Amino acid sequence: MTTFTLSDLENIVAVRAKAAPEESWTAKLVAAGQRKAAKKLGEEAVEAVIAAISDDRKNLVDESADLLYHLMVVLNIAAIPLQDVMDELARRTSQSGLEEKANRKNP
């Protein structure tokens, strides 16, 4: 079993984002900007959904990996540390999902 974490992925993305775009897919996405990276994130989310509803376990694993990677790129471009997301998850999971949704501020 691997000990690879999302923090490891965040660090890899941060390093690769600084490479030359012709040498790294991550750098190429970062250079293209948030709009392109977010579009790729959305595409991977749709592919993960299709795999899930198709009961395609292998493809769901693959697409989930793509989804998490592209999320890390989007967060990197936005300068949002993974820890901020983890802190929000910790805050939300300190109560039931129904309570958390009821306590959200409506726009």
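How many salt bridges does a search of the whole structure find? The search returns 5 salt bridges, a salt bridge being a side-chain nitrogen of Lys or Arg within 4 Å of a carboxyl oxygen of Asp or Glu. The structure is a predicted model, in which local features need pLDDT of at least 70 and side-chain atom pairs count only at pLDDT 80 or more, whereas totals for chains, interfaces and linings use all residues. Residues are numbered from 1 along each chain as its sequence is written, and side-chain values use heavy atoms, with hydrogens and water left out.

Helix 4, covering residues 57–77, contains 21 residues and reaches 30 Å from its first C-alpha to its last, close to the 30 Å expected at 1.5 Å a residue; the expected span is 1.5 Å times one less than the number of residues in the helix. Helices here are DSSP runs of H or I with at least four residues, numbered from the N terminus. The buried residues of helix 4 are Glu 63, Tyr 69, His 70, Met 72, Val 73, Val 74 and Leu 75, where buried means under 20% relative accessible area, exposed over 50%, and partly exposed in between, with a 1.4 Å probe and protein chains only. These buried residues pack against helix 1 (6–17), helix 2 (25–32), helix 3 (34–53) and helix 5 (82–92), with contact taken as heavy atoms within 4.5 Å. Ala 79, which follows helix 4, has a positive phi, near 60°.

Within helix 4, the side chains of Lys 58 and Asp 62 meet in a salt bridge at 2.8 Å, N to O, and the two residues are 4 residues apart, about one turn of the helix. Lys 58 counts as exposed because its relative accessibility is 56%, while Asp 62, with a relative accessible area of 31%, is partly exposed.

In helix 5, the side chains of Arg 91 and Glu 88 meet in a salt bridge at 2.6 Å, N to O, across a separation of 3 residues, about one turn of the helix. Arg 91 is partly exposed, its relative accessible area being 42%, and Glu 88 also counts as partly exposed, at 28% relative accessibility. An α-helix has 3.6 residues a turn, so residues three or four places apart point the same way.
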